[in-house]
Amino acid sequence: MNERNFSVSQEEKERERLPPILNHSLSGLDRGAKQHFPSFSSFISTINPKRAAGEHSFSTQLLTPSVRHARELPPIVADVRQKQRISIDTLPPEMKAPLPPEPVIPLRTKTAKEFQEDIERATASGDWKFVHDFYLTTFDSFLELNAAFKKEPNAPFNTIEDSGINIKFVNVVYDALVYTPPDIQKSVLKGIINSLLREWKGPRTKDDLRAYFVLVQNPQYTSTATYVIYAHLLRQIAALAEADHHFLVHWFKKLSQRRFRQLVERLLQFISTRLFPAKPEELPPMAKCSWWIPSATRVLGLLNAANSLSTPPIISFTDFYNLTLDHIDIMEDYNTWQSHGNSNRFSFCQFPFILSTAVKKAIIQRDSEQQMISMARQSLVDKVSRRQRVDMSLLFLNIRVRRPQLVSDSLDELTRKRADLKKKLKVTFVGEAGLDMGGLTKEWFLLLIRQIFHTDYGMFTYFKDSHCHWFSSWKCDNYSEFRLVGTLMGLAVYNSITLDIRFPPCCYKKLLSPPVVTCDQNTPVGIGALTLDDLQQVMPDLARGLGELLSYEGNVEEDFYLTFQVSQEELGTIKSYNLKPGGDKIPVTNQNRKEYVQLYIDFLLNKSIYKQFAAFYYGFHSVCASNALMLLRAEEVEILVCGSPELDMSALQKVAQYDGYIRTDPTVRCFWDVVLAFPLEMQKKLLHFTTGSDRVPVGGMADLNFKISKIDVSTEWLPISHTCFNQICLPPYKSKKELKQKLTIAISNAEGFGLE
């Protein structure tokens with residue numbers, strides 16, 4: 001291993017020293033055993049005792065929510081408070097950090113095949129000398145890493161499209177590493193330490209970026225014994241310039257799904273272990289390594305950016321969730337973010353991709369509760385200050401409606417009580433006795449949604465091919481009913497009610513455009529940057545036709561005879577619209593067909609329904625005006641409104657409640673035998689029959705309060721349901737066959753929402 005001399009100035013001597021770790025043997029690195037790893041200081045002293053006294057770290061202070069008065073690394077993920085999800089992609093592709101002179105890389109000629117042959121010979125003979133020498137030399141420095149893995153050692157490769165790294169060779173070397181003897185694994189870790197301890201002056205070269213790109217893929221970082229090294233590697237990557245991050249993001253995009261997932265999982269495990277270590281003595285005190293979690297989260301942000309920029313995404317956005325964060329005081333984190341944004345205080349809310357939908361729902365609910373309490377308290381204070389009689393009803397949003405005038409009464413009530421929308425919702429049906437314990441509220445939602453979305457009502461068009469509703473484009477003078485639908489959706493989220501609404505995903509993208517209503521009323525809202533994929537989710541046949549137009553190899557102008565004018569039916573009348581000024585005179589050609597398709601998509605999903613959707617947008621945000629919305633993806637808003645499509649009937653069985661039956665009764669046992677054997681489509685029908693929706697709340701089956709009740713009637717009766725209470729009522733059927741027959745008939749022929 002090469003020796004390097006460090007020139008240590010007085011200023012450098014005052015820098016923070018690396019946190020100490022208990023000094024133990026490294027023998028546990030063999031095949032995943034968990035052992036302590038010594039501190040950098042003690043480890044380096046074994047490499048070069050002469051410089052141990054003058055050794056210093058390169059640390060840049062980071063901050064967790066509990067640590068104050070420290071400097072933070074530059075942000076990787078854009079401030080969500082500024083409505084920018086991924087600032088990395090805002091850099092132009094040609095942007096580069098200043099390039100210092102590139103050193104000449106030594107020529108290394110070993111190939112992946114030759115290395116594999118070395119491994120096979122060493123495994124057979126037990127002589128690992130050649131393999132040991134390879135690892136010792138390769139990981140000794142950034143220069144040597146480039147010599148080993150760069151496709152052409154002294155070629156620049158200064159583009160985002162090609163890292164210049166032979167990734168296949170990297171994979172072979174790392175796959176073999178975990179099966180090598182412990183001394184080889186130790187030599188690799190020593191080499192990484194040796195590389196990281198160098199003092200870097202000025203910006204990094206692209207070869208340095210390549211070295212970081214290779215080192216972060218090392219599979220050894222699954223052991224807590226290596227976490228000190230891993231943390232310092234992550235800190236250096238997190239501290240890179242934004243232009244350098246731009247390169248790394250695009251290089252990460254090129255990794256295979258398996259390798260990419262491994263990187264994400266290692267970072268999530270690192271964060272979870274630092275937050276809740278199984279053996280705290282294996283890690284330094286949190287006060288001495290408060291920068292670990294922020295550094296790891298920022299590097300995870302690079303991977304999330306790479307995933308978001310990939311079409312389709314490399315892995316699901318849910319794979320970035322860290323479920324460990326479900327168990328922290330998330331409101332403290334949220335309040336830190338609210339107070340400090342992306343300033344010098346780290347918070348997980350700066351990186352919402354790491355927070356699960358359940359956590360975000362909890363934030364929204366608690367934020368909603370605080371707003372509800374605040375509104376109710378203000379109403380109470382106003383009454384008292386005027387010496388008026390205090391009526392406890394002022395603590396609620398009280399809605400009184402007549403069933404025959406359900407829509408008009410609801411619209412009048414919500415318009416008149418707009419200032420009370422953030423209070424707890426209570427619904428009363430005029431002329432009907434009873435207190436609203438949740439059932440009447442849910443019934444009100446179900447009845448309203450069923451009536452408003454009925455095709456005869458004309459507000460929404462239902463597309464059978466995509467099984468979703470979309471806004472009717474007819475023009476009118478009053479769009480208040482669209483505002484009502486938006487308000488209903490907001491109230492549902494606010495009051496934790498799951499709605500059976502079938503909007504396409506692009507609707508929720510538009511709802512978050514922007515995620516917080518701006519002060520300038522002239523700012524357009526609900527305008528999404530939508531693509532052919534978004535149109536596919538609404539009008540698949542039209543999207544398919546436009547796709548064929550884009551790929552057509554003949555003469556578009558002569559064969560299609562299209563212009564930049566489109567026609568659509570509105571209330572039985574065909575109307576034509578120009579997609580651009582003078583569009584009826586502009587032919588669609590091979591050269592401008594992309595523009596035509598994009599303008600057509602924008603017309604259908606944005607411009608033709610702008611007033612309708614703007615009213616809908618303002619209705620939703622009149623209830624859910626909260627910075628917490630900036631934490632949400634469009635897919636997560638959909639889950640909050642409509643629930644999750646993932647069904648787990650075994651989980652439902654575990655949390656089901658019983659009235660008149662007990663868990664071991666024959667009828668109950670037959671019921672679950674039948675339901676668990678149902679195909680998914682029938683299970684969805686059962687859930688829809690019983691609850692009014694075939695989806696599951698964010699909190700899972702436990703949040704359904706699913707109840708099976710006994711009714712003492714003839715077994716000739718079919719099961720009935722009370723969707724307002726998520727209750728199914730079963731006669732005491734004598735056999736599984738009889739129960740299956742009756743249940744299948746009931747759930748397959750229930751109309752509407754299965755309301756009784």
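How many bridges join β5 to strand β6, and do the two run parallel or antiparallel? I found that six bridges join β5 to β6 (residues 573-578), and that the strands run antiparallel. Two strands count as paired if DSSP finds at least two bridges between them.

**Basis of the entries.** I worked from a predicted model, in which local features need pLDDT of at least 70 and side-chain atom pairs count only at pLDDT 80 or more, while totals for chains, interfaces and linings use all residues. Residues are numbered from 1 along each chain as its sequence is written, and side-chain values use heavy atoms, with hydrogens and water left out.

**The hairpin.** E569 has I574 in β6 as its bridge partner. Two residues lie between the strands of this hairpin, and L571 takes a positive phi near 55°. Buried means under 20% relative accessible area, exposed means over 50%, and partly exposed lies in between (1.4 Å probe, protein chains only).

**The whole protein.** I noted 28 helices and ten strands; these are DSSP runs numbered from the N terminus, helices being H or I of at least four residues and strands E of at least two. Of the 756 residues, 53% count as buried.

**The open sheet.** I traced four strands in the order β7-β8-β10-β9, with mixed pairing. The edge strands, each pairing on one side only, are β7 (657-659) and β9 (720-722). Strands β8 (residues 707-710) and β10 (residues 727-730) run parallel and are joined by four bridges. In this pair, S709 stands opposite C729 in β10. Helix α26 (residues 666-677) packs on the sheet and touches β7, β8 and β10; contact means heavy atoms within 4.5 Å.

**Two helices.** I then examined α5 (residues 142-149) and α8 (residues 206-215), which pack at an angle of about 80° with their axes 9 Å apart. Axes are lines fitted to C-alpha atoms, for helices over the stretch in contact, and angles run from 0 to 180 degrees between N-to-C directions. The angle makes α5 roughly perpendicular to α8, a term for 65 to 115 degrees. F142, L145, N146 and F149 in α5 meet residues of α8 including D207, R210 and L215.

Note on methods
Angles under 35 degrees count as roughly parallel, over 145 as roughly antiparallel, 65 to 115 as roughly perpendicular and the rest as oblique.
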